[in-house]
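Dear colleague,

Please find the structure below, handed over for your files.

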Amino acid sequence: MTDPQPTRSGRLFVLDASGNRVLSLNPDGSDRKVIVTDCRIPDGIAVDIEAGHIYWTNMGVPNRNDGSIERADLDGRNRKTIIPQGGTFTPKQLQLDKENAKLYWCDREGMRVMRSNLDGSSVETLVQTGQGDTDRRDQTKWCVGIAVDARRGQIYWTQKGPEKGGLGRLFRANIEIPKGEPAAQRTDIEVLFDGLPEPIDLELDLKTRLLYWTDRGDPPRGNTGNRAPMDADSKTRPSPEIVYRHLMEGIGIALDFKGGRMFITDLAGSVYSAKLDGSEKRTLLAAQGNLTGIAYAEI
C-alpha cells in the first residue's frame, strides 16, 4: 500500500519595497508572516518549490548601480547573495526557468534583459536597449517586466516609458541571440504592443497562450490588469483586454493555473485576487507598504 501524497496548499510570497521585507501569506490573505527583513528595495520574486528556495531582486539605490539578487529558504533562513551588488544596475521582475536552471530578470537603469545560472554564475545580457547616462534618462529604454516561454525559446519583456506617458511597449525575442549579433543590435526583436500607459510586470499562461500584465499610468487603460493573445498576427492583433481596474499603481502579478485565478499587488499596499477573466474580485490585504513583486506557489 502506497502512502497518500501530502496535499499541497497554496502560498503567496510578496515584496514590500518600503519596508524592505519579504512577506508570506495564504491565498485568502490570512497567516501573513514576515520571512526576510533588511532587503534593499526588493522588486521581483520567484519561487523554486522543489529546491525550497525563494529568489528576489534588490533594486538598491537606482542611480548607484548597486542592484543585487538574493536567495533564501522558503521560511527565510539560509539567506545568500547570488548576484552581488553592482552585478546588475536596477534589477526588476525576476523569473525562474527551472527546466534549464536559469534566472531571468530585467535591469531598469541598466537598460537590459539578463540571465544567469541559479547560483549566479554565467551572467549574460540578452537584450541591451541603451548605454550610458544620456540613454539612461530616456525611460522608453527602461526594461521592467520579464516572462519566459522556455519551450518555445522566447522571452517577453516590457519597456515602461515615462510615468503616465503612454509610450510603454511590450516585446518578444528569441532567448538565444542571433549568431554574430550583439545584444544591442538584435534583429529578432518584435514589438507586440506599443502606446501602452506604463506596462510593468508580466506573466504567461502557456496553455491558453495568453499574456497577462499590470499597467500603471492613467485610467482608463492605466492602473489595470490586462491580457492578450501571445500569438495573434501583428496586423490583426486585438487590443488588450482589461481584466482588472482601479489599481493604485499596479506592479506585481502572479497566476494560479489550478485555481484559475490571478493575484495583483500595487504600490498603495494592497494584494488583490480575481478569476483569470477578472470576475470575483477580492482585496486580500491593504496598507501593507509599497508592494512590488508577487509569486504564487503550492508548497
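Is Cys106 buried or exposed? Cys106 counts as buried, because its relative accessibility is 0%; buried here means under 20% relative accessible area, exposed over 50% and partly exposed in between, with a 1.4 Å probe and protein chains only. Cys143 is likewise buried, at 0% relative accessibility.

Please note that this is a predicted model, in which local features need pLDDT of at least 70 and side-chain atom pairs count only at pLDDT 80 or more, while totals for chains, interfaces and linings use all residues. Residues are numbered from 1 along each chain as its sequence is written, and side-chain values use heavy atoms, with hydrogens and water left out.

With a disulfide defined as a pair of cysteine sulfur atoms within 2.5 Å, the count is 0. The closest cysteine sulfur to that of Cys106 belongs to Cys143 and lies 5.0 Å away, which is too far for a bond.

As to the sheet, 4 strands form an open, antiparallel arrangement in the order S20-S21-S22-S23. Strands are DSSP runs (E, at least two residues), numbered from the N terminus, and two of them pair if DSSP finds at least two bridges between them. S20 (250-256) and S23 (282-285) are the edge strands; each has a single partner strand, so one side of each lacks a neighbour in the sheet. From one strand to the next, the twist averages 25 degrees, taken between axes fitted to C-alpha atoms, with angles running from 0 to 180 degrees between N-to-C directions. S20 and S21 (residues 261-266) run antiparallel and are joined by 5 bridges. Asp256 lies opposite Arg261 of S21.

Yours sincerely
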